[in-house]
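Reader: I would like to learn how to read the features of a model like this one. Please take them in turn, with the general idea before the case.

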Amino acid sequence: MKFVIAPDSFKGSLSSREAGECIALAIQQVIEGCETCVVPMADGGEGTVEALLAATGGEKVEVNVTGPLGEEADTCYGIIQRDGERTAVIEAANICGLTMVPPQQRNPMHTTSRGIGEVIRDALDRDIRSFVIGLGGSATNDGGIGLLSALGVRFATRDGEELAGYGGELAVVAQTDIEGLDPRISQCRLTIACDVTNPLLGEAGATAVYGPQKGATREDLAVLEQGMTVYADLVEAGFARSCRDLPGAGAAGGLGFALLLLGGQIVPGAQVIDQMTGLRQQIAEADWVITGEGRSDSQTLYGKLPFHVAQLAKAAGKPVILISGSLGEGSERLYDEFTACFSIVRGPASLEECMRDAANNLSACTRQIARLLSFT
C-alpha cells in the first residue's frame, strides 16, 4: 500500500516537511511494509523555499539583505533544477515578511520590498536567469518600489531627492528613471507563484484589501492609495506597459505589479509547486493521498493548497484524506472534495497548547487513521 503525503505547513507549529514526515512515521508504525512518499507543499507563501528544496534536493543560498524595516536581515533562497536550467526560488515571507516585523511596528508606510530585489541581483550574479518568486506573507504595500530600486530603477521627489523605496514614499514620488534597470532582467524568466487575483488599485486593490492586515490606519490607507496611483502612472509610462489591472497586480502590496512590469507571469502557487515536485506522477502511483493544513473550513475550497491536492487526487481517481489542526465553520462542505476529514485536536485546549502539541496530536490522529486503513 502506497501513501503519498502532501501537506501544507501547520503555520506556527510545523513546516510542511515536518508535518509530512510526522504523518509518514505514524503510518509506518501501524502498517508494516507500506510505502510512504512525502512531498512537502507550499502555495508561494511561507515555507515555499523549504518545500521545494526538500522535494528536489536543491541548494540553499544564505544572504544578507535589507529587511522589511530597512534593517539588515539574514535570509536565504534556493537554487534548483527546473526544465534543465538552474532556477532561483525566492520567498517574500522570509525577506520582507509580516512575521519579521514586531506587531507594534507593523505599518506598511515604513516597510520596503528592497530585499527581494537584492536577492534577485545575488542570483543574477550567479548566472541564474530563471526565477520562481512566491509572494505570500509580505509586510509591504510599496507597489514594488523597493524591489525596483534595488534593481537599478531610480525614484525621486519633485526636488530630485532620491528615494529608498518605502511604502510611505509613494506619497512623494514624482520622478522615475528606468535607464539604470539591470539589463540582465530582460534575459530572465520570472514565474510569480501567487494565488491572489486582486488588481493594484481600487476597492479590491492591494491597499484597500490587505493594507489593514499589515498595520495601516484609515489615514494611511488614503495616503497609500493616492501615492500608489501616482507611482503606477509613472512606472507604467517608464516601462511603456500597463499592468495595474491585471489579476495579481495587487499581490504582496503591489509586488505582483512590479514583477509583471518586468515581464513576469503569474501562476497559482500550488500549481507551480506541484509541477516542480512531480506530485501528479506520485499521486498516479498511490493507493491513498493525504494532505493537511493548520485550519480547514469553507475557505479551503477557494484555492487553498489542500483543495488543489484533492483536485489532483480526484482527477487520478485516488481517495484523499484531509488532516487539519482544526475544522472550522463550513467544514462540512469539505466532504464533497475529500474522502474524509480529521481534526488532530483531542480535547479542550488553548491555541497555545494546540500549537505546542501539534506534532504529538498529528501523530496520534494519523495512527488512528492508519489503523482503519490497515483493514481495507
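Reader: How do the residues of the lining of the second largest pocket divide into nonpolar, polar and charged?

Author: The model is predicted. A lining is read by sorting its residues into classes. In the second largest pocket there are seven nonpolar, five polar and two charged residues. The volume of this pocket is about 250 Å³. Of the 14 residues in its lining, Gly294, Gly325, Leu351, Cys354 and Met355 lie nearest the centre.

Reader: Which elements give two or more residues to that lining?

Author: They are helix H11 (351-356) and H12. H11 gives the most, with three residues.

Reader: What is the volume of the largest pocket, and which classes line it?

Author: The largest pocket holds about 860 Å³ of space. Its lining has eight nonpolar, 11 polar and nine charged residues. There are 28 lining residues, and Lys11, Asp43, Gly136, Gly137 and Val196 are those nearest the centre.

Reader: How many cavities of 30 Å³ or more are there?

Author: A pocket is an open set of points, whereas from a cavity the 1.4 Å probe cannot get out. At that cut-off the count is one cavity, and the largest cavity contains about 30 Å³ of space. Phe3, Ile27, Ile31, Ile290, Thr366, Ile369, Ala370 and Leu373 form its lining. By class, seven of these are nonpolar, one is polar and none is charged.

Reader: Which helix gives the largest share of the lining of the largest cavity?

Author: Helix H12 (residues 358-373) does, with four residues. An α-helix has 3.6 residues a turn, so residues three or four places apart point the same way.

Reader: How many bridges join strand S12 to S13?

Author: Pairing is read from the bridges. Strand S12 (residues 320-324) and S13 run parallel and are joined by four bridges. Leu322 stands opposite Cys341 in S13.

Reader: Is helix H8 mostly covered or mostly exposed?

Author: For a helix, count the buried residues. In helix H8 (residues 269-277), seven of the nine residues are buried, so by the cut-off of under 20% relative accessible area the helix is mostly covered. The buried residues are Gly269, Ala270, Val272, Ile273, Asp274, Met276 and Thr277. After H8 comes Gly278, with a positive phi near 75 degrees.

Reader: Why does Asp336 count as exposed?

Author: A residue is classed by its relative accessibility. Asp336 counts as exposed because its relative accessibility is 61%, where the cut-off is over 50%. Asp336 is in the loop between S12 and S13. Its C-alpha atom is separated by 32 Å from that of Glu91, which is 245 residues apart along the chain.

Definitions and conventions. Residues numbered from 1 in each chain as written. Predicted model: local features only at pLDDT ≥ 70, side-chain atom pairs only at ≥ 80, totals over all residues. Heavy atoms only, no water. Pairing = 2+ DSSP bridges. 1 Å grid on protein atoms, 1.4 Å probe; cavity = no way out; pocket = protein on both sides within 12 Å on 5 of 7 lines; lining within 4 Å. Points joined across faces, edges and corners; volume = space filled by probe spheres on them. Nonpolar A, V, L, I, M, F, W, Y, C, P; charged D, E, K, R; others polar. Buried < 20%, exposed > 50% of the residue type's maximum accessible area, 1.4 Å probe, protein only.
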